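Subject: Structure handover

Hello,

Please find the structure below. My notes on it follow.

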Amino acid sequence: MSPPRTLGTRIWARDPSRTILVEPSAGSDREEARWGLEPASGDQTEGPVEGSDDLAPRFTGTILGVRQWLVPPSLDELKPLGSLKLNLPSWEIDGSATRARCMKVVNKLHEIPGKNCECGLRAYHPWLMPPWYFWSGDKAANGNRYLTGVVEAWGRIELYPEGFRAAFARPVALVLPPAFSADSTARIALGDLCDHADAELLDPDQGVPPDGRPLQPRGAAAEQRLTRTVLDDWFERNRSSTDQKVLEPLSPPEM
Ligand SMILES: [Zn+2]
C-alpha cells in the first residue's frame, strides 16, 4: 500500500499522468463551460508530436472530483490548499469556473496544467477519497478550517490514479463540516456561499433539528464517517454517464 499523499505536495505531481481533453457538452448553459480547449501553445507548424494535445483522448462533458479548501471563519472564501504558503488565488464562488494558473511560468510556456508541473485545479477521484481527508479540524493557521466538497472539472486534464489536475473547475457541492453542525451562524454562512456558488449544501445532520445537534465537536473519526456518507449519497444521486465514459479507460490503481 502506498503512503498517503496530499494534494498539496510535490510528490503527487511527479507521478506519471495521462492527459485527456474534456470539452463541456454543447448544450451547457454556463458561459465558462463553453470555454473550449485552447490550442497548444508554442509552434503549431510541426504537426502532431508525442505528448501533444493532438494525440490526447477527447471526451465531452465534465468529470467529478472531491477536494478540500481552506476557508476563513466567515466561510466566504475558498482558498486552495497551500495558499497560506504560496499566496495562491482563491477559487471563484459566484458560480463561474475557476481557471487554473501556473505560478511557475510567465507567458504560458506550457499548457495548463503542465504535464510535469504542479499547476492545475486538483481533486481526488470520488472512489479514492482517503478517510483521513475528511476532517475539518483546525489544522490551518488564523482560524482557517478545511472544507470538503465536490467539483466538476473540464478542459485539459492530467489524470492520476488518485485524482487529477484540471484547467477549469467549479464547486458543485460543499459539505457542512460536522464540527459546525450545531453552529447556526456557520450553517447560514455556508448556505450563503452555496447560493452564490450555485453549489449544493450537503448537511451531514440533515433532518436533525438545530436543538438536536451535538453541541460538542465530534471526534475526527465521526467527522470523517459523516462527511464520507453525505458525499457517497451525493454521488449516488449525481454520478453521470459522462463520468463513467471519461474514466473507463483508467485501470483501478493498485492499493
Ligand atoms: Zn505549470
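Helix α2 and Leu86

Leu86 is found in helix α2 (residues 83-86). Helices here are DSSP runs of H or I with at least four residues, strands are runs of E with at least two, and both are numbered from the N terminus. The model is predicted: local features need pLDDT of at least 70, side-chain atom pairs count only at pLDDT 80 or more, and totals for chains, interfaces and linings use all residues. Residue numbers start from 1 along each chain as its sequence is written.

Leu86 counts as exposed because it has 11 C-beta neighbours inside 10 Å. The cut-offs are 20 or more other C-beta atoms within 10 Å of a residue's own for buried, 12 or fewer for exposed, and partly exposed in between, with C-beta atoms placed from the backbone. The C-alpha atom of Leu86 is 9.0 Å from that of Met103, which is 17 residues away along the chain.

Overall layout

The chain has five helices and eight strands, in the order α-β-β-β-α-β-β-β-β-α-β-α-α. Of its 255 residues, 36% count as buried. Among contacts with a separation of 6 or more, 71% join residues 24 or more positions apart; a contact is a pair of residues whose C-beta atoms, placed from the backbone, lie within 7 Å.

Strand β3

Nine of the nine residues in β3 (residues 63-71) are buried. In a regular strand the side chains alternate between the two faces of the sheet. Both faces of β3 are covered, with Ile63, Gly65, Arg67, Trp69 and Val71 on one side and Leu64, Val66, Gln68 and Leu70 on the other. β3 pairs with β6 (residues 145-159) in the antiparallel sense over nine bridges, where pairing requires at least two DSSP bridges between the strands. Arg67 stands opposite Gly149 in β6.

Helix α3 (residues 184-197) has 14 residues and should span 20 Å at 1.5 Å a residue; its end C-alpha atoms are 20 Å apart, which agrees. The expected span is 1.5 Å times one less than the number of residues. The buried residues of α3 are Leu190, Leu193, Cys194 and Ala197. Seen down the helix axis, they fall within an arc of 100°, so they line one face of α3; the arc is that of the directions from the axis to the C-beta atoms. These buried residues pack against β7 (163-175) and β8 (200-202). On the other side of α3, Ser184, Thr185, Ile188 and Asp195 are exposed. Asp198 follows the helix and has a positive phi, near 55°.

α4 has 19 residues and reaches 27 Å from its first C-alpha to its last, close to the 27 Å expected. Its buried residues are Glu223, Gln224, Leu226, Thr227, Val230, Leu231 and Trp234. Their cover includes β3, β6, β7 and β8.

The nonpolar core

A nonpolar core is a set of buried Ala, Val, Leu, Ile, Met, Phe, Trp, Tyr and Cys residues joined through C-beta atoms within 7 Å. The largest one has 50 residues, of which Ala153, Ile157, Phe164, Ala166 and Leu174 touch the most other members. At least two residues of this core come from each of β1 (18-23), β3, β5 (121-124), β6, β7, α3 and α4 (220-238). β7 gives the most, with eight residues. Leaving aside neighbours within four places in sequence, Ala166 is in contact with Ala100, Pro113, Gly120, Leu121, Ala153, Trp154, Gly155 and Ile157.

Regards

Note on methods: Two residues are in contact if their C-beta atoms, placed from the backbone, lie within 7 Å.
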